[in-house]
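Visitor: I have a protein to look at for my course. Could you show it to me and take a few questions?

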Amino acid sequence: MTGKAYLVGAGPGRADLITVRGLAVLRQADAVLYDRLIAASLLDEAPPHAERIFVGKRPGHHSVRQDGITETLVRLVRAGLQVVRLKGGDPGVFAHLTEEAAALAAAGLPFEIVPGVSSALAVPLHAGIPLTWRGVASAFTVVSGHEATPHGCSGISWALLAASPTLVVLMALERLAQVCTYLIAAGRNPDTPAALISRGASADQRVLRATLAALPDRQQAAQLPPPAVLVVGEVASLADTLAWYDPAQFPANPMLWDDL
């Protein structure tokens, strides 16, 4: 049998944000390599015989190094297995897709990339924050919080980030104070509305709203846990008006499509 890899985005938080295509290939998998941030109930959708291999990462600790993940993926596909590499959010957004797909291509192995719902889009919406707003914000920028290096020597322009009508910062928590400081130093108004969304689109979602200047101190007091998404811009002021998601009503095991 010819093996194949499927690099699948599971979406953020809730299990039912996975795409129809992602769920279909998951239900045909012989092996699943999964990340820390996927909904745990998604693993129940894989066949009983499927090997489930945890390869998650958290700040300061990797259960498996990235080269080890890539080697395992290649080895399983070479063995003739249908392998799902299940990633939180979208596989092409800060998720090591390039290394894994390039290794498969170099080995002459077939693979498919299954897009997912990115946390950059879905998490703000679950907090009542659209990224654009007619007449107010006609563009948005997405960046990793890891770009806020301790000495400010990243390869990006903070002036350009500060000028974006809406800025979304993924993996924002560890360097939140630096991000806010750099944006203000680059010209962003300290009074710009901002929102920090912790564990978005899940039963544990929490939202902290403040001005850009005040947010780090508010987080220092609140201690919202990771992962967290930061939204900076006038759109963050819509959070109260458009809030619709009630984490208390979130089903622990949402029903997925039985007929796929």
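Visitor: Where is Pro227 placed?

Guide: This is a predicted model. In it, Pro227 sits in the loop between helix H7 (215-222) and strand E12 (228-232).

Visitor: And what is the peptide bond from Pro226 to Pro227, cis or trans?

Guide: That bond is cis, and its omega is near -5 degrees.

Visitor: Now the whole protein: how many helices and strands does it have?

Guide: There are eight helices and 12 strands. The radius of gyration is 19 Å, close to the 18 Å that the globule rule gives for 260 residues, so the protein is as compact as a globular protein of that length. Along its principal axes, the C-alpha trace spans about 60 × 40 × 35 Å.

Visitor: What share of the residues is buried?

Guide: Buried residues account for 50% of the 260 residues. The protein exposes about 12300 Å², with carbon and sulfur atoms supplying 55% of that area.

Visitor: Back to the loops. Where is Phe94?

Guide: Phe94 belongs to the loop between strand E6 (82-87) and helix H3 (97-106). Its phi is near 55 degrees, a positive value in a residue other than glycine.

Visitor: What about the phi of Arg199?

Guide: Arg199 is not a glycine, yet it has a positive phi of about 50 degrees. Arg199 lies in the loop between strand E10 (193-198) and strand E11 (206-211), and at 34% relative accessibility it counts as partly exposed.

Definitions and conventions: Residues numbered from 1 in each chain as written. Predicted model: local features only at pLDDT ≥ 70, side-chain atom pairs only at ≥ 80, totals over all residues. Heavy atoms only, no water. Helix = DSSP H or I, 4+ residues; strand = E, 2+ residues; numbered from the N terminus. Rg over C-alpha atoms; globule rule 2.2 N^0.38 Å. Buried < 20%, exposed > 50% of the residue type's maximum accessible area, 1.4 Å probe, protein only. Areas by Shrake-Rupley, 256 points an atom, 1.4 Å probe, with all protein chains shown as cover.
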